[in-house]
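Here is a note for a colleague who has not looked at this entry before. The points are numbered and can be read with the structure open.

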Protein chains: 2
Amino acid sequence: MSVIRGARERARIEVTAAIKEEARRQLAAEGASRLSLRAVARELGMVSSALYRYFPSRDELLTALIIDAYDAMGAEAEAALARTAGDAPHARWVAVCRSVRDWALARPHEYALIYGSPVPGYIAPMDTVGPASRVPLTLVAVVREAHAAGTLGPPPGSPLAAPVRADAARLAAELGPELPIPVVAALVGSWAQLFGLLSFELFGQFNRVVEARGAFFDQAVGALAGQVGLSPAAVLPAE
Amino acid sequence: MSVIRGARERARIEVTAAIKEEARRQLAAEGASRLSLRAVARELGMVSSALYRYFPSRDELLTALIIDAYDAMGAEAEAALARTAGDAPHARWVAVCRSVRDWALARPHEYALIYGSPVPGYIAPMDTVGPASRVPLTLVAVVREAHAAGTLGPPPGSPLAAPVRADAARLAAELGPELPIPVVAALVGSWAQLFGLLSFELFGQFNRVVEARGAFFDQAVGALAGQVGLSPAAVLPAE
DNA sequence: CAACAATGAGAGCACCGCTCTTGTTTTTTC
DNA sequence: GAAAAAACAAGAGCGGTGCTCTCATTGTTG
């Protein structure tokens, strides 16, 4: 399947990669709305119409960049999870969140591409949902491990309204049937709130408000962990 | 100061308003990145160059829309606060959050304008910070009232790291010197997290994940209230 | 009334996304 | 190995964009 068949196919892969690379460079320099196919082509020494052999439209190029960004961020989160194997769940939660933040701080424009305003009229194709769910699935993995170890406390807060419980139950069936329903509901909220913190920091809302951004982030995601039932003290029991 | 001096000045105010109105219509129809000065001018029966007498650039038009949007959202939040005078702080908190959500759901593109990816290269001018702070100040008002009434519990979570405490202390001096520092820190986090919930809902991240969006939002902002020390049970004491 | 500043109209510049046609090169098929 | 098919690059061109410039007109003010 991944066998490269000939010079043409090899060239196509290389050119496609070069286009995305140059597009990412322009993204970082100018932002998504100023990404120009003509400029990308010019920089690559080709004519603009040639670029349409590789991406049928500007939106398709953006979609490819979106998928790449989701994948890169997800890989970062998964790497953080793997790196902290054996640590306490609360610490792993914080580590995963931090890795996401580090990735976003290094590539703010790619972050904006996936968590900023959606391009108008643009419906995210199904190809994006897999890559997009890698970060939340990583957070779920942390919680499942804590639950398996018996260190997961009940999430604080009022009991769930019926429709929320229904949503959470459906999600639990997909993500971790053994998890208590309120934990799943709290997880979804924490997931959104994590990116609220990131977006505010990256989009400038914290300017002149929060200066110690890293410390503040750690504090906030620690609190988020508490919201899903992960307590700082709990440690994985030795086998 | 606000006396209208002549026909010319009156016309200028009307034309400026008409331009913004038409621009908002296009914003709703096409999104910020497809907002076109020429199309606005065309719809208004003027030539595109005439529009530059009113806004020196497309970005300036966007800035005006941004300020209007912040102001409208802030007014909505303040109205919700006024409407619930005398209610328990926890209920007022939820009411303010709901009013912000309702405003955003009715004008998703204006929401995206102020809480989505910033226009690249675009630095928010100082004019925006006043209108932008109306919503957070409304949330602060709820918490201050609860504190004055003595119903504000200590926010849960680990003690604050020194730099976070310093930021929060500086903010407390501006926003409410009587408030405990950890409450101020939790407030900033809740503020960001509130818009995380909103952005995920509005930008499509909850598609196929959360269906009962209103109920879920209420649940989540209720938990957010708990994070700043507002408990559902506490009621304002009768005078 | 005259001088002035604000406004509108039009042409034009450089750029954009995208399409179509033309000629070339690689791959596939017989 | 030659012919047919597919992939590709290049160029011209269409209708659109933000923005600037010039020039005539119109309301304001001394």
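1. Chain B is laid on chain A by a turn of 180° with a shift of 0.0 Å along the axis, and the RMSD is then 0.1 Å. The two copies are thus related as by a two-fold rotation axis. In chain B, Gly196(B) has the C-alpha nearest this axis, at 1.7 Å from it. The model is a predicted one, and the values below should be read as such.

2. The next point is the contact between the copies. Chain B brings 49 residues to it and chain A brings 49 residues. Of the interface residues of chain B, 98% are also interface residues in chain A, so the copies meet through the same surface. About 3,900 Å² is buried between chain B and chain A, and carbon and sulfur atoms give 64% of that area.

3. What polar and charged pairs cross this interface? Between chain B and chain A there are 11 residue pairs in polar contact, counting pairs with both residues at pLDDT 80 or more. The number of salt bridges found across the interface of chain B and chain A is zero.

4. On the side of chain B that touches chain A, at least two residues each come from helix H4 (58-83), helix H6 (108-115), helix H9 (162-175), helix H10 (181-202) and helix H11 (213-227) of chain B. H10(B) has the largest share of that side, with 10 residues. By class, the side of chain B that touches chain A is made of 31 nonpolar, 11 polar and seven charged residues.

5. DNA strand C comes next. It is surrounded by 24 residues, of which Leu37(A), Arg38(A), Arg42(A), Arg58(A) and Ser49(B) are the closest. Among the atoms of DNA strand C that come within 4 Å of the protein, sugar and phosphate account for 48%. The surface near DNA strand C holds nine nonpolar, six polar and nine charged residues.

6. Which elements supply the surface near DNA strand C? H1, helix H2 (37-43) and H3 of chain A, together with H1 and H3 of chain B, each supply at least two of its residues. H2(A) gives the most to this surface, with four residues.

7. Individual atom pairs show how chains A and B approach DNA strand C. In the side chain of Arg38(A), an N or O atom is 2.4 Å from a base nitrogen of DNA strand C. Arg42(A) has a polar side-chain atom 2.6 Å from a phosphate oxygen of DNA strand C. From chain B, an N or O atom in the side chain of Tyr54(B) is 3.1 Å from a phosphate oxygen of DNA strand C.

8. Around DNA strand D there are 23 residues, and those that come nearest are Ser49(A), Leu37(B), Arg38(B), Arg42(B) and Arg58(B). Of the atoms of DNA strand D that come within 4 Å of the protein, 51% belong to sugar and phosphate. The surface near DNA strand D divides into eight nonpolar, six polar and nine charged residues.

9. H2(B) gives the most to the surface near DNA strand D, with three residues.

10. The pairs at DNA strand D can be listed in turn. A side-chain N or O atom of Arg38(B) is 2.4 Å from a base nitrogen of DNA strand D. Leu37(B) has a polar backbone atom 2.7 Å from a phosphate oxygen of DNA strand D. Tyr54(A) places a polar side-chain atom 3.0 Å from a phosphate oxygen of DNA strand D.

11. Over all chains, a search of the whole structure finds 20 salt bridges. One of these joins the side chains of Asp68(B) and Arg24(B), at 3.3 Å from N to O. Asp68(B) lies in helix H4 of chain B and Arg24(B) in helix H1 of chain B, so this pair ties together parts that are 44 residues apart in sequence.

12. One backbone detail remains for the reader to check. Arg208(A) is not a glycine, yet has a positive phi near 60°; it lies in the loop between helix H10 (181-202) and helix H11 (213-227) of chain A. Arg208(B), also not a glycine, has a positive phi of about 60° and lies in the loop between H10 and H11 of chain B.

Terms used. Residues numbered from 1 in each chain as written. Chains lettered and ligands numbered in written order. Predicted model: local features only at pLDDT ≥ 70, side-chain atom pairs only at ≥ 80, totals over all residues. Heavy atoms only, no water. Near = heavy atom within 4 Å. Polar contact = N/O pair within 3.5 Å; in protein donor to acceptor, adjacent residues only side chain to side chain. Nonpolar A, V, L, I, M, F, W, Y, C, P; charged D, E, K, R; others polar. Least-squares fit on C-alpha atoms with pLDDT ≥ 70 in both. Contact = heavy atoms within 4.5 Å. Buried area = accessible area lost by both parts, 1.4 Å probe. Salt bridge = Lys/Arg side-chain N within 4 Å of Asp/Glu carboxyl O.
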